Structure formats: structure tokens, C-alpha cells
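Dear colleague,

I am handing over the structure below, together with some notes on what turned up when I went through it. Please read the notes with the coordinates open beside you.

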Amino acid sequence: QVQLVESGGGLVQAGGSLRLSCAVSGSIVSSNTMRWYRQAPGKQRELVAGMDSGGSTTYADSVKGRFTISRDNAKNTVYLQMDNLSPEDTAVYYCRPRWYSRWGQGTQVTVSS
């Protein structure tokens, strides 16, 4: 079973930045596609960003140019750098490997206008 621990969320003003971290058990970050998702109140969970084992990245159109996914293989950690945040980015953020079906506890991001 994969353990996922997201952190780094908080309250930030519009235009601000946050960096989320996702600590993953086992040495799987480098060899798997890792994804960040988010779920806003009353909305379905959506895919925000992904990085495959080769380092290629994909982003939702709504965050392209503002968010950056990265990883530290030695630390088995995936990051999501979020810049120029807007209130529409308010959500609980989760990460997990593409093939994994469970969720961690997530980390809350709240952006005030």
C-alpha cells in the first residue's frame, strides 16, 4: 500500500504563491507517472498536473503557465509550485501515482480575493 502525505497548503492572497509537497512511501516517484489533483467545494475532483517517469509534464488548461510539477527522486517527493494564485484555485489538493486508487488526506489551499 502506498502512503501519500500532502503538505504545504494554506491561506494566501490572490496573486500569491504556494509550494505543495507530496511525500510518497517507497521508491516509486522516479519510475511512475505522478499526478496532482484538486477538489473544490461542490465540484468533482479534477486532474491538475502530471509528470511521467521520463520527466514529461502535462497541465490542466486552467493552471498552465502558473503551476509547475516537479519531483525529487532521492526524497521520494513530488512538488507542485503554484504561482499567481486566484480564488478559483481554492481546493483540497491531492497527489498519487497514476495507477493508484486511494487518496491521501490532501492539503487545503485557500486563496482570498
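What follows covers the salt bridges and then the nonpolar core.

Please keep in mind throughout that this is a predicted model.

The count of salt bridges comes to 4, and I describe several of them here, beginning with the pair formed by arginine 38 and glutamate 46, whose side chains meet with an N to O distance of 2.6 Å.

Another salt bridge joins arginine 66 to aspartate 89, with the closest N and O atoms 2.8 Å apart. This pair links distant parts of the chain, 23 residues apart: arginine 66 lies in the loop between strand 6 (57–59) and strand 7 (67–72), while aspartate 89 lies in the loop between strand 8 (77–82) and strand 9 (91–97). Here both ends are buried, arginine 66 with a relative accessible area of 15% and aspartate 89 with one of 1%. Arg38, Glu46, Arg66 and Asp89 are, moreover, linked in a network of salt bridges, and it may be worth looking at these four residues together on your screen.

The salt bridge between aspartate 61 and lysine 64, at 3.1 Å from N to O, has a different setting, because exposed means over 50% relative accessible area and aspartate 61 reaches 66%, while lysine 64 reaches 51%.

Turning to the nonpolar residues, the largest core has 29 members, of which Val24, Trp36, Phe67, Leu80, Met82 and Tyr93 touch the most other members. The elements that give two or more residues to this core are strand 3 (18–24), strand 4 (34–39), strand 5 (46–51), strand 7, strand 8, strand 9 and strand 10 (107–112), and the largest share, 4 residues, comes from strand 3.

Which residues does phenylalanine 67 touch, once those up to four places away in sequence are left out? The list consists of Arg38, Val48, Tyr59, Leu80, Gln81, Met82, Asp83, Leu85, Asp89 and Tyr93. Among these contacts of phenylalanine 67 are Arg38 and Asp89, both of which belong to the salt-bridge network, and also Leu80, Met82 and Tyr93, which are named with Phe67 among the core residues that touch the most other members.

With best wishes

Note on methods
Residues numbered from 1 in each chain as written. Predicted model: local features only at pLDDT ≥ 70, side-chain atom pairs only at ≥ 80, totals over all residues. Heavy atoms only, no water. Buried < 20%, exposed > 50% of the residue type's maximum accessible area, 1.4 Å probe, protein only. Core = buried A, V, L, I, M, F, W, Y, C linked by side-chain atoms within 4.5 Å. Contact = heavy atoms within 4.5 Å.
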